[in-house]
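Hi everyone, and thanks for coming.

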Amino acid sequence: MSEHFDADVAIVGYGPSGVIAALTLAKYGISCVAFERHRDIYPRARAVTVNDWTMRIFQNLDVDEPVLKCIDPQRALRWMRYDGTEIMRVEHPPSTLGIKPRFFNIYQPTMEAALRESAAQHGELIDVRYGFEVASLEQDETGVTVTAKDIDTGVVTSTRVRYVIGCDGGSSATRGMIGAKLEGDTLDVMWIVIDCRAKRWWPDRNLLTFWSDKERPVVDIALSGGNHRWELPLKPGETEADFATNAQIWPLLEALGVTGDDVEIHQHAFYRHHTRMADKWREGRVFLAGDAAHLMPPWAGAGMQTGMRDAFDLGWKLAGVLNGTLPEHFLATYETERRPNATFYTQLAVQLGRVIKQELSEEEQAALDAAHRDAAQEPPLIAPPVLAAGWLRGPLADDSIVGRMVPQPVVGDIRGVMGRLDDLLGDGFVLLGDDVDPATLLTAAEKDAWDSLGARYFAVRQQDQHTQGNDELIDLDGVLRPWLRKYGARAVALRPDRFVAAADVTGLAVPA
């Protein structure tokens, strides 16, 4: 008799990372139970932005449209001195990922509510238990027993699952339960976050501005829904008690030229910057994602987004294992792929923090200026995503297509139906060929291996060509062929997350 499981996966914590994990699993028919200590969404805005990579994940999960209704386009980033000198600016070019624009401003509580409402439509697969705190995780060879307590009634429950994802934030209890330790630093400086409601428009309000200063650097950003935020550090000798009321906070805003004619103060909070990462993200059947695995300063706007990308990556891999299309050892690729990406954004945030705090030497500032004048290469903050390691075949280099995310143009099928590439590709593994059926470029053994993963094969034609078979796409924007040829590729193999796993240049065999 087969063993009984209450759900396939338990998710500890139901913030942005937890919801994305649940949505990803549900997309593939995998059941999950989520334990969330708080009954309501955290009311304070924390993250402030999402970009086209994150929006492409939302598109994959069919939640992009409800999210787009509650976020605003972001125009540009700039670093300014108080005397009006502009140190650096990053204009947002058009996205290559089929999302317009490339960056958006958000109001996190509103966006989280939209994500949860979308997840609630999967009630048959997503069971959310609000007001529950996970007390213990007991692993064995086939699964995990999750013991949780209702924090109001004290009722204790036992839930049997196959895997667990810890998305329970920086103070993660899951992390402690698997014996993982945070490594890194937490800065002593306390920052105050002041969230306001705009009462009128002021010049360049829609530019995300970093006011650079050694003593009082400030983040100045328009959030969606008419909200606006300022973040600034407390000076030596200042404490949280000095800014307990709105009357005590107003002098901070007035020093920036902000008055009661411009905004009303909505709420405020205090926090410290962390640069920390767990020494391991997995123990057996239990995984860490988001802030449970890594904490980074806010300067790259990537903390929440990195967590959601963790959850999406782990979600489709767990689904493949549970559905029997991927071997269990495939799960080892999760940390292999996501840790370098989290490290990249952490280091980028640290460097951007040095810019806003004016800690760069003259030589470093000159090198930074030169890099941003180089039109041939986009700044790291806005460059398209690339994998640095993982389930890939072929070299990872500037001139290699392997590890890159495929652009997402508008394409058509043989019937004339038009849509974004991902929508017409469907789910799972896909091979694309430049005016060639990619299956014809495979050996019999290679074809069998991709078939075992449920791969589909598409020839990409141009709009001035006839189609020749059933599985073909018309590149209406003329984007895919130039992109493939830039890297000398006739065909590529795409993973479910639309990163290139292999190319004919170095071999289309399924990666080891």
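This is a predicted model: local features need pLDDT of at least 70, side-chain atom pairs count only at pLDDT 80 or more; totals for chains, interfaces and linings use all residues.

Let's begin with helices. Two packed helices are described by the angle between their axes and the distance between the axes. Please find helix α7, residues 303-322, because I have two partners to show you for it, and one of them is helix α2, residues 52-60, whose axis makes an angle of about 40° with that of α7. The two axes are 10 Å apart. What do we call that arrangement of α2 and α7, oblique or roughly parallel? Angles under 35 degrees would count as roughly parallel, and this one is about 40°, so α2 and α7 are oblique to each other. The crossing of α2 over α7 is left-handed. If you want to colour the contact, pick W53, T54, I57, F58 and N60 on the α2 side, and Q305, M308, R309 and F312 on the α7 side. Sorted by class, that contact of α2 with α7 holds five nonpolar residues, three polar ones and one charged one.

The other partner is helix α1, residues 16-27. Here the angle with α7 is about 25°, and the axes lie 8 Å apart. With the angle under the 35 degrees cut-off, α1 and α7 are therefore roughly parallel. Their crossing is right-handed. On α1, the contact uses P16, S17, I20, A21, T24 and L25. On α7, it uses M304, G307, M308, A311, F312, G315, W316, L318 and A319. How many charged residues does the contact of α1 with α7 have? There are no charged ones: the contact divides into 11 nonpolar and four polar residues.

Strand β5 (residues 76-81) runs antiparallel to strand β6 (residues 86-91), with five bridges joining them. W79 has M88 in β6 as its bridge partner. Between the two strands of this hairpin there are four residues, and G84 takes a positive phi near 95°.

Let's move on to the backbone and some loops. K100 and P101 are joined by a cis peptide bond, with omega about -5°. P101 is in the loop between β6 and β7 (103-105).

Next come two residues that have a positive phi although neither is a glycine: D204, at about 60°, and R498, at about 70°. D204 is in the loop between β13 (182-198) and β14 (207-212). R498 is in the loop between β26 (491-494) and β27 (500-503). Are they buried or exposed? D204 is partly exposed, with a relative accessible area of 34%, whereas R498, at 3%, is buried.

D8 is in the segment before β1 (9-12). Why does D8 count as buried? Its relative accessibility is 18%, and buried means under 20%, so D8 falls in that class. Not counting residues up to four places away in sequence, D8 touches I30, S31, V161, R162, Y163 and L322.

And then there is I249, in helix α6 (residues 246-254). I249 has 0% relative accessibility, so this residue counts as buried too. Setting aside neighbours within four places in sequence, its contacts are I192, I194, F243, I265 and H268. Take I194 from that list: I194 and I249 are 55 residues apart in sequence, and 8.3 Å apart in space from C-alpha to C-alpha.

Definitions and conventions. Residues are numbered from 1 along each chain as its sequence is written. Side-chain values use heavy atoms; hydrogens and water are left out. Buried means under 20% relative accessible area, exposed over 50%, partly exposed in between (1.4 Å probe, protein chains only). Contact means heavy atoms within 4.5 Å. Axes are lines fitted to C-alpha atoms, for helices over the stretch in contact, and angles run from 0 to 180 degrees between N-to-C directions. Angles under 35 degrees count as roughly parallel, over 145 as roughly antiparallel, 65 to 115 as roughly perpendicular and the rest as oblique. A crossing is left-handed if the near helix is turned anticlockwise from the far one by less than a right angle, and right-handed if clockwise. Ala, Val, Leu, Ile, Met, Phe, Trp, Tyr, Cys and Pro count as nonpolar, Asp, Glu, Lys and Arg as charged, and the others, Gly among them, as polar. Two strands pair if DSSP finds at least two bridges between them.
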